Structures are given as structure tokens and as C-alpha cells.
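User: I would like to learn how to read a protein model. Can we go through it feature by feature?
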Amino acid sequence: MLDNLGEIALYFFAAVAGIQTIYYLFVFSRVAFYRRKFDLDLAPEGPFSVIICAKDEELNLQRNLPGVLQQRYHMHHKPEYEVIVVNDNSEDDTKYYLRSIEPGYPHYRHIEIKQAAKFIPGKKYPLSIGLKGAQYENVLLTDADCKPGSTYWLSLMSQGFADDKEIVLGYGAYHKKPGFLNKVIRYETFFGAMQHLSFAMSGMPYMGVGRNLAYKRELFFRHKGFTSHQHLASGDDDLFVNAAANRKNVGVVIDKQAFTYSEPKQNWKSWFRQKTRHMSTGKHYRFGHKFVLGLFSLTHFLFYPAFILALFFPPPILWYALGIFGIKVLTQSIITFAAMRKLDESDLFKFSWLMDIFMVLYYIIFTPALMFKSKNRW
């Protein structure tokens, strides 16, 4: 009887570890071994509209907007792009700051929204206004609290549109700060990026992140914008990409100079509220996406309990379990380390196993957000 239970425990653990290893070897390795090189001196192939939605963001705009306005994206000594800031009913002095800088930047303008859109929470309405007002077909989105990684950000992201791509996914990182919360936020962001960027390169794009996301205006209007999910506070980035992306129309740009950097939350409560709002959109993904993501999350959650269970059985079950554990750990470590180097998060590697175990708690805390209705917040 004990032998039978041991075999069942071993087979179960082997199945869980095997599925995890397959994800790392055949999916997440796409980011880990990403090899595309970009030309910083490449002349712009076409003009761009950069769109930022802002609500009570005066201080963030003062810090970050100059970096967006001073991109090296010029032809004939003139900017080949425009920057549009949509001021969504701000109650601080955002509008005065936005007006004050207009004389110095001829390629910049702002749009004032003075009345909230009923039944359309979040930034979907202001973003739609920005897209409708944009002059150019190619648009690049970011947030007021995001700073471009370099003056080549726009140029590098624009190169993602090669080969007739309609959507370009970039990486939106967080600034490195002291403290455990910062490491958790950055690891969770890295982990999510490794997944969605790798799946996009594997022919199954399922989301993008609005801190660093580009697409064609024509694509936006062809899919009727955010109409299908305009009642949700979140989803202006991931749900739109989930609906509009296919295996051929998405490009990925991974280059440190093409990243954006945001200020992370300063306390656990704020981060928890942010993640709950973001996670709530997952239940609206396509079924196939929910299945492959759910299978990975489930096996990730079960990996450590299944391993601990297998350890209670005597050899040879014990030795087999240790061998399986070692193979999975080695595979995961190599690919995680390489992916962290690509996404400039190498300092997190020494914490990666602690964070990997922490993700078990993460699933317990945030999975309910997939079940319940989210609150409507900007």
C-alpha cells in the first residue's frame, strides 16, 4: 500500500515538474535567449504619436515628460513625432504645467477633458480621445509616472513594427529601491514580462502593458476600441491586446534603452490594491490563453507541496524525487538568470528562489481577484 502511494506521489510530482520544465524550455527561453539587435542610428521610417493620459499627475509629468519630449527621433532636424498629453479632469495644477511648456516644444500639445465619461471608468475614455486626436498612424503609449530608458526609446520601439507588425510590446520596469517590497514588485513585474513577452514570441500573444506599448491607430478603430470592455476600470492595455493580437501581428522589443521606468508603490496596501485591479481583467481573456496560463500557475503552485509529499517516502522514491527536483531547478535557474539579464533585473537572481516560493502565496492572495468584480477606479 505504501509503495502504491509512493508511486502515485512520485508520478504526480514528475507530471507537475515536467509541465513546469516544458514551459521554461520551450516558452520562457524566448526571452532568455532573445537575440535581436537594434540600430540606434536607423532613420525614422515614419512619424509617431506618443500618447500619455494624466489625472492629477503634475509632479510625475514634471519629472518624466521632458524625457519623452527630447527623444532622438528626427528627420531634417525636425522632430518626426508628436507628444499628446490627455489631461483627464485633474484637480491639481496639471493643466497649468501642461500649458506652460507648450511654447518650448512645437511637437507637443495637450488635450483637456473637463467632464467625466459616464459608465466608462479608468483611462479608456481619455485614451480614446487621445487616439482620435493623434495625427499619425503609429502610436506609442506610456504613463505619466514612466521615464524612458534613453533618448532612443521611441526609435527602438518603432523598429518593432518591421515585418508588418501592428502591435509592439516593450518592457515597463520599476526603479530599483531598497527594501523587500521593491524586490517583490520588481520580481513580479519581471515574472509577468517573461511570460507575456515569451508567449508573444511563441505565437500566442495575450497581453501588453500600457507603460510601454505601441500599436496602429487603424487596428484600434478596426476593433472598435475598448467597446467590448469599456465598463471595466482596467484592460485598456491587456484586454485590447488580448482581443486584437494574433500569432503574426505582434513584435517584441527587448533592449535596455527601450525600457520605461516607473516609481513602485511604497507600501504593501497600495501594491495589493493595484495588483488586485490588474488581476481582475484576467477572467476576460480568451479561453485558450486562460488555459495555458492557468496550467502554468496551477503546476507552479503545486510544485513545492508535491515535492514535500514525495520526500516522505523511502528510497528509491526519495532519490527519484530529488533527481526530478534537481533537473527542474537547474533548468529554471539557467533560463531565469538569462531572462533577468535581458530585462536588466540580474540583481534579483540571488533572491529568485525565495521569490519563487513567495509566488505560491501570491497565487493564494490574488487568485480571488479573478473571481470577483473589480471596483471602478482610474
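User: How many bridges join strand E8 to strand E10, and do they run parallel or antiparallel?
Analyst: Keep in mind that this is a predicted model. Start with the general idea: strands of a sheet pair through backbone hydrogen bonds, either parallel or antiparallel. Here, strand E8 (residues 167-169) and strand E10 (residues 213-216) run antiparallel, joined by three bridges. To see the pairing, find Val-168, which stands opposite Ala-214 in E10.

User: Is E4 mostly covered or open?
Analyst: Check each residue for burial. In E4, eight of its eight residues are buried. Now sort them by the way they point. Tyr-81, Val-83, Val-85 and Asn-87 point one way, while Glu-82, Ile-84, Val-86 and Asp-88 point the other way. All of these are buried.

User: Which residues of helix H4 are buried?
Analyst: In helix H4 (residues 124-133), they are Lys-124, Pro-126, Leu-127, Ser-128, Gly-130 and Leu-131. Next, ask what covers them. The cover includes E1, E4, E5, strand E6 (138-143), E10 and helix H7 (217-222).

User: Why does Phe-48 count as buried?
Analyst: The cut-off matters here: buried means under 20% relative accessible area. Phe-48 counts as buried because its relative accessibility is 2%. This residue lies in strand E1. Leaving out residues up to four places away in sequence, Phe-48 touches a set that includes Tyr-73, Tyr-81, Tyr-136, Leu-140, Leu-154 and Phe-161.

User: How many residues does the largest nonpolar core have?
Analyst: It has 100 residues. Leu-65, Ile-167 and Tyr-215 have the most contacts inside it. Helix H6 (residues 180-201) gives the largest share, 11 residues. There is also a second, separate core of 14 residues, with Ala-9, Leu-10, Ala-306 and Phe-313 among them.

User: What does Ile-167 touch?
Analyst: Again, skip residues up to four places away in sequence. The residues touched by Ile-167 include Phe-161, Leu-213, Tyr-215, Leu-219, Val-241 and Val-250.

User: At what angle do helix H10 and helix H12 pack?
Analyst: For a helix pair, read the angle, the axis distance and the handedness. Helix H10 (residues 287-310) and helix H12 (residues 352-366) pack at about 115°, and their axes are 9 Å apart. The crossing of H10 past H12 is left-handed. From H10, the contact uses Phe-296, Ser-297, His-300, Phe-301 and Tyr-304. H12 contributes residues including Trp-353, Asp-356, Met-359 and Tyr-363. By class, the contact has nine nonpolar, two polar and one charged residues.

User: How far apart are the C-alpha atoms of Phe-48 and Ser-297?
Analyst: They are separated by 37 Å, and the two residues are 249 residues apart along the chain.

User: What is the order of the open sheet of three strands?
Analyst: The order is E7-E12-E9, with mixed pairing. Strand E7 (146-148) and strand E9 (172-174) are the edge strands, each pairing on one side only. Neighbouring strands here are turned by 35° against each other on average, direction ignored. E9 runs parallel to strand E12 (residues 260-262), with three bridges between them. Finish by finding Gly-172, which stands opposite Thr-260 in E12.

Key:
Residues are numbered from 1 along each chain as its sequence is written. This is a predicted model: local features need pLDDT of at least 70, side-chain atom pairs count only at pLDDT 80 or more; totals for chains, interfaces and linings use all residues. Side-chain values use heavy atoms; hydrogens and water are left out. A nonpolar core is a set of buried Ala, Val, Leu, Ile, Met, Phe, Trp, Tyr and Cys residues joined through side-chain atoms within 4.5 Å. Buried means under 20% relative accessible area, exposed over 50%, partly exposed in between (1.4 Å probe, protein chains only). Helices (H or I, at least four residues) and strands (E, at least two) are DSSP runs, numbered from the N terminus. Contact means heavy atoms within 4.5 Å. Axes are lines fitted to C-alpha atoms, for helices over the stretch in contact, and angles run from 0 to 180 degrees between N-to-C directions. A crossing is left-handed if the near helix is turned anticlockwise from the far one by less than a right angle, and right-handed if clockwise. Ala, Val, Leu, Ile, Met, Phe, Trp, Tyr, Cys and Pro count as nonpolar, Asp, Glu, Lys and Arg as charged, and the others, Gly among them, as polar. Two strands pair if DSSP finds at least two bridges between them.
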